[in-house]
Amino acid sequence: MMGLSDLNGNGICSTGEKYDIFYEGIREHIKNGEVFISNVLKDKTEMLIFIAIPFKSENQIRGILWGKYALMDMVGNLDFSDTSYKYFQIIDDQGNYLLPSSKQLIQGDAARGAPETIWDSLNTYHYTDSMSPNQLYESVQNRESGSFYLESEGKGRYINYRPLDINNWYLFSIQEEDGLHAYVHHTREIAVYLFTLLSIGLLTIFGIIYNLIYSMYKK
């Protein structure tokens, strides 16, 4: 859905019907010429984000051009899958997933509520180093970056996290231990293969040079 509103949020949507918008902080962003992006919102059974930009006429801000975007569409466009051994997640201020898996969306719809937050998920894991859910929460609140290791159902995961420049959102990059080790092993095999080819090539070149020098010496 898209629409156009005045600076007070009164306007119409793309179907021509009256549609007013009221979001905390939107007027301040628009009057400052800034883009406004909401946290994850729930519209009936659909999870979405709200985006608004200043609408200008004759170099003056006259109103608000806005749109709503479903999280399911974001997931589809990014071909997101949490079955891969490496993937990423973006969360908003409240820990809501901006890129939830299809499973999370289905569970959220079934419960008539939003998918679980990242804090709910992290509380189910086992931490093998000094990190804990509470420490991670404090680190995120302080806008810090870091990395840690955890285990779930016998599978290890390496996680890096850092703040984004959108609101107070965070990026979590996840790599499963088994997949990462398999990738490293495959890379090592390729390196050994290339090194072997390089060695054979160098020996061949040295052999040719030796034969040329020996032939010249005999002449």
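Reader: What am I looking at here, and what's counted?

Author: This is a predicted model: local features need pLDDT of at least 70, side-chain atom pairs count only at pLDDT 80 or more, and totals for chains, interfaces and linings use all residues. Residues are numbered from 1 along each chain as its sequence is written, and side-chain values use heavy atoms, with hydrogens and water left out.

Reader: Ok. Tyr149, buried or exposed?

Author: Tyr149 counts as buried, because its relative accessibility is 14% and buried means under 20% relative accessible area, exposed over 50%, partly exposed in between (1.4 Å probe, protein chains only). Tyr158 is partly exposed at 30%.

Reader: And why is the pair of Tyr161 and Phe172 stacked?

Author: Because their planes are at 20°, with the ring centres 5.8 Å apart. The pair links distant parts of the chain, with Tyr161 in strand 10 (residues 155–163) and Phe172 in strand 11 (residues 170–176), 11 residues apart. Strands here are DSSP runs of E, at least two residues, and helices are runs of H or I, at least four, numbered from the N terminus. Both Tyr161 and Phe172 are buried.

Reader: Which residues form the aromatic cluster?

Author: Tyr19, Tyr23, Phe36, Phe50 and Trp66 form one cluster.

Reader: Switching topic: what does the side chain of Ser38 reach?

Author: The Ser38 side chain reaches the backbone nitrogen of Phe50 at 2.8 Å. Ser38 sits in the loop between strand 3 and strand 4 (41–43), and counts as buried at 4% relative accessibility.

Reader: What else is Ser38 in contact with?

Author: Leaving aside neighbours within four places in sequence, Ser38 is in contact (heavy atoms within 4.5 Å) with Ile49, Phe50, Asn167 and Trp169.

Terms used
Polar contact = N/O pair within 3.5 Å; in protein donor to acceptor, adjacent residues only side chain to side chain. Phe/Tyr/Trp six-rings, centres within 6.5 Å; stacked < 30°, edge-to-face > 60°.
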